[in-house]
Amino acid sequence: MGALQTRINQGSRKKVLKMAMERLTTNLCNMMYYPEGSRNKLSDSPKDLALIKTPIIKYAYEKGIAVYPVSIFGTNQLIKKNILQFGSTAGIIFHEGVHPSKFSDKEEFIKYTWKQVQKGHQELSEKFARA
């Protein structure tokens, strides 16, 4: 799979975005992409749609590449001050792939994909509240 460093200056971000696009189309490799940016330390809830970074999702739509949303819950309790908190619980859901061909435009595609992340997070939140 490989990794691309993104915590760098604005000019380098553009370079990383270009490299990511090449990897997705030329090398046909998988890529994990976190549209929220860095880990949200203040809340365990996903950011609002308006606050996520969408260039890679838009590119996936334009190139007809399926996106597999992932919902993650509990990481704000799992890592504190960069130290793993043993005994903490976290959950993850890997959703079905969302294919661009099923949507009339990229905004609808992005909205639906992010909604899957939010719904999965809510499901995990309710599950862990009952435990």
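What follows is a chat about a predicted model of one protein chain.

User: Hi! Before we zoom in, what does the secondary structure of the chain come to?

Analyst: Hello! The model is predicted, and its chain has 4 helices and 4 strands. Read from the N terminus, the order of elements is α-α-β-α-β-β-β-α.

User: Thanks. And how much of the chain is made up of buried residues?

Analyst: Buried residues account for 26% of the 131 residues.

User: What about contacts with a separation of 6 or more, what share comes from residues 24 or more positions apart?

Analyst: That share is 67%.

User: Okay, helix packing next. How do the axes of helix 2 and helix 4 cross?

Analyst: Helix 2 covers residues 55-63 and helix 4 covers residues 106-130; their axes come within 10 Å and cross at roughly 120°. At that angle, helix 2 is oblique to helix 4.

User: Left-handed or right-handed?

Analyst: Helix 2 passes helix 4 in a right-handed crossing.

User: Which residues meet there?

Analyst: From helix 2 you have I57, K58, Y61 and E62, and from helix 4 the partners are K106, E107, F109 and I110. Sorted by class, this contact holds 4 nonpolar and 4 charged residues, with no polar ones.

User: Nice. Which residues of helix 2 are buried?

Analyst: The buried ones are I56, I57, Y59, A60 and Y61. Of these, I57 and Y61 also take part in the meeting with helix 4.

User: Let me pick on K106. Which residues does it touch, leaving aside sequence neighbours?

Analyst: Beyond four places in sequence, K106 is in contact with K58, Y61 and E62. K106 itself is found in helix 4. Its side chain makes a polar contact with the side chain of E62, at 3.2 Å. For Y61, 45 residues away along the chain, the C-alpha to C-alpha separation from K106 is 5.9 Å.

User: How accessible is K106?

Analyst: K106 has 29% relative accessibility, so it counts as partly exposed.

User: Switching to histidines. Where is H95, and is it buried or exposed?

Analyst: H95 is found in the loop between strand 4 (91-94) and helix 4. With 16% relative accessibility, H95 is under the 20% cut-off and therefore counts as buried.

User: What lies around it?

Analyst: Not counting residues up to four places away, H95 touches Y68, P69, V70, S71, Q116, V117 and G120. A polar atom of the H95 side chain lies 3.3 Å from the backbone oxygen of Q116.

User: And H121, which residues does that one touch?

Analyst: H121 lies in helix 4, and away from its sequence neighbours it touches D44, S45, P46, S71, I72 and F73. S71 is among the residues that H95 touches as well. H121 counts as buried because its relative accessibility is 6%.

User: P46 came up there. What does E36 touch?

Analyst: E36 touches S45, P46, K47, I52 and W114, not counting residues up to four places away. You'll find E36 in the loop between helix 1 (10-25) and helix 2. E36 is partly exposed, at 23% relative accessible area.

User: Last one: where does G87 lie?

Analyst: G87 lies in the loop between strand 3 and strand 4. G87 is exposed, with a relative accessible area of 79%. Its C-alpha is separated by 9.8 Å from that of Q77, 10 residues apart along the chain.

Definitions and conventions
Residues numbered from 1 in each chain as written. Predicted model: local features only at pLDDT ≥ 70, side-chain atom pairs only at ≥ 80, totals over all residues. Heavy atoms only, no water. Axes fitted to C-alpha atoms, helices over the stretch in contact; angles between N-to-C directions. Helix = DSSP H or I, 4+ residues; strand = E, 2+ residues; numbered from the N terminus. Parallel < 35°, antiparallel > 145°, perpendicular 65-115°, else oblique. Left-handed = near helix turned anticlockwise from the far one by under 90°. Contact = heavy atoms within 4.5 Å. Nonpolar A, V, L, I, M, F, W, Y, C, P; charged D, E, K, R; others polar. Buried < 20%, exposed > 50% of the residue type's maximum accessible area, 1.4 Å probe, protein only. Polar contact = N/O pair within 3.5 Å; in protein donor to acceptor, adjacent residues only side chain to side chain.
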